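Welcome, and please load the model in your viewer. We will go from stop to stop, selecting a few residues at a time.

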Amino acid sequence: MTADPANPEHPERAAVAALADDFLTRLREWIAIPSIGADPAHHADVGRSAQWLADALRHDGWPHVEVWDEGPALPAVHACWPAEDPAAPTVLVYAHHDVQPVDPLEEWEHPPFEGVVVGEELFGRGASDDKGQVAMHLLAVQAHLRATGATAPAVTLKLFVEGEEESGSPHLGELLDRHADDLACDLVVFTDTPMYSRDAPTVNTGQRGVLGAEVFFTGGTSDVHSGRAGGGVPNPATAIARLVAALHDADGRVLLPGFYADVVEPTELERADYAALPFDEARWLAANAGGAQAATGEAGWSTLERVWVRPTAEVNGIRGGYTGPGLKTIVPASASVKLSFRLVPDQEPAKVMAALREFVAANTPEGVGAEVVVRGDGVPAYAADVTHPATLAVHEAMSASFDEPVRYSRTGGSGPAGVLHERLGVPVVYFGATLPDDRIHAPNERVVLPVLLRGAEAAARLWRLLPERLS
């Protein structure tokens with residue numbers, strides 16, 4: 001195989017262009033498989049999706065391909081293509097092939113599992129999250145080999161594509177431990193995050209963690225008449241309201257004890273990049289805020305910083321007493337509140353859990369019983385080091401492929417990057433070429449094909465850069 005001479009300054013771009021039609025055909029085939037991991041009725045489809053990917057990898061020449069279907073996790077795909085140089089670094093690409101449910105179906109303008117192309121956009125569930133980005137990497141490896149004229153990648157490439165990310169990756173830790181030797185690497189490339197926008201490409205450097213909990217207050221065994229007992233017994237609903245009011249100070253800071261003790265703030269370079277992004281508050285509110293009329297939050301931080309790099313405590317719902325039509329004059333026997341915390345590096349979910357219990361104990365009035373139920377172990381936050389050679393290589397590859405300055409950004413949601421870092425013991429960098437308005441998890445999910453193709457070009461270039469940068 002020889003290097004493509006069509007574009008000597010951008011050989012990866014020329015290679016991607018030559019392979020683009022086949023890439024689109026295959027991605028549409030994969031989208032047609034409804035691999036909805038959260039729905040047991042579609043678990044067989046998750047298996048079909050994994051097999052489709054395994055077959056595609058073998059077709060492309062990957063010498064080692066496996067479908068991990070030993071349970072209890074839904075099927076995952078692992079592949080490895082060793083570099084010709086045994087001293088080359090080993091890079092693991094993480095992604096997922098399960099997709100979200102499509103409800104409400106009536107709001108889709110195109111069938112969700114047909115992969116409909118309209119202009120530059122490909123519509124379908126999974127087009128952006130995350131089949132499109134996995135297919136992008138398959139294309140990138142083909143383009144890398146075509147551009148370099150090599151028969152093996154410049155780094156030993158491993159691929160790990162799980163089937164449960166949309167369900168919270170409940171068995172990811174078990175998979176990582178069971179297959180530790182197969183997944184051993186020097187670097188993880190995490191591919192499940194967007195850029196800031198098409199006109200402002202960015203390299204993502206972090207995701208927040210998350211912890212969910214519910215607090216239950218109990219004052220008695222049954223509701224009582226407010227005329228006979230009101231004013232003489234504790235009211236759990238009032239107590240819950242006071243607990244919620246005590247959760248933040250007037251500047252929007254969370255008042256759990258020690259909540260900010262371990263928080264690592266972004267670098268000055270990152271904050272400067274955030275400030276330089278073309279942020280329009282009114283447009284952001286219209287697109288992201290569900291009809292909210294103003295942006296608020298922790299004092300001293302911009303809106304992007306509040307949702308990317310600051311920890312939060314949110315009230316997800318309050319329940320207690322009578323909420324039906326008319327009046328029912330009671331003192332309720334119980335009340336509860338659902339809370340979630342978005343965490344940032346280096347906050348540990350276990351420490352925040354302990355702080356929540358301490359906070360509840362300090363804000364539980366006499367005569368009220370309290371119970372704190374934490375939902376799962378939480379997901380740790382993760383942020384890539386912007387001075388690490390691998391992060392710099394991603395930045396360089398993206399800049400060359402998008403032909404304009406690339407800045408750093410983060411995402412406010414959560415993912416398993418921190419789990420990968422902890423279990424595999426290596427740095428994680430983020431690599432994404434989708435957009436925040438791709439409507440993932442919603443009707444009419446789409447991906448912008450020229451953006452995804454530039455992402456494939458950047459990934460192909462990254463494999464060429466990493467051996468030197470990680471030496």
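How exposed is arginine 439? Select arginine 439: it is partly exposed, with a relative accessible area of 34% (buried is under 20%, exposed over 50%, partly exposed in between, with a 1.4 Å probe and protein chains only). Its phi is near 60°, a positive value in a residue other than glycine. Arginine 439 sits in the loop between strand S17 (428-430) and strand S18 (446-448); helices (H or I, at least four residues) and strands (E, at least two) are DSSP runs, numbered from the N terminus.

A word on the model: it is predicted, so local features need pLDDT of at least 70, side-chain atom pairs count only at pLDDT 80 or more, and totals for chains, interfaces and linings use all residues. Residues are numbered from 1 along each chain as its sequence is written, and side-chain values use heavy atoms, leaving out hydrogens and water.

Next, pick serine 169, in the loop between strand S6 (156-162) and helix H4 (172-178). Serine 169 is not a glycine, yet has a positive phi of about 50°, and at 12% relative accessibility counts as buried.

Now for the cis peptide bonds. Show aspartate 129 and aspartate 130, joined by one with omega about 10°; aspartate 130 lies in the loop between strand S5 (121-123) and helix H3 (131-148). Then move to proline 345 and aspartate 346, where another cis bond has omega about 0°. Aspartate 346 belongs to the loop between strand S13 (334-343) and helix H11 (349-362).

Finally, look for disulfides (pairs of cysteine sulfur atoms within 2.5 Å): the count is zero. Cysteine 80 has its nearest cysteine sulfur, that of cysteine 185, 11 Å away. Cysteine 80 is buried at 12% relative accessibility.
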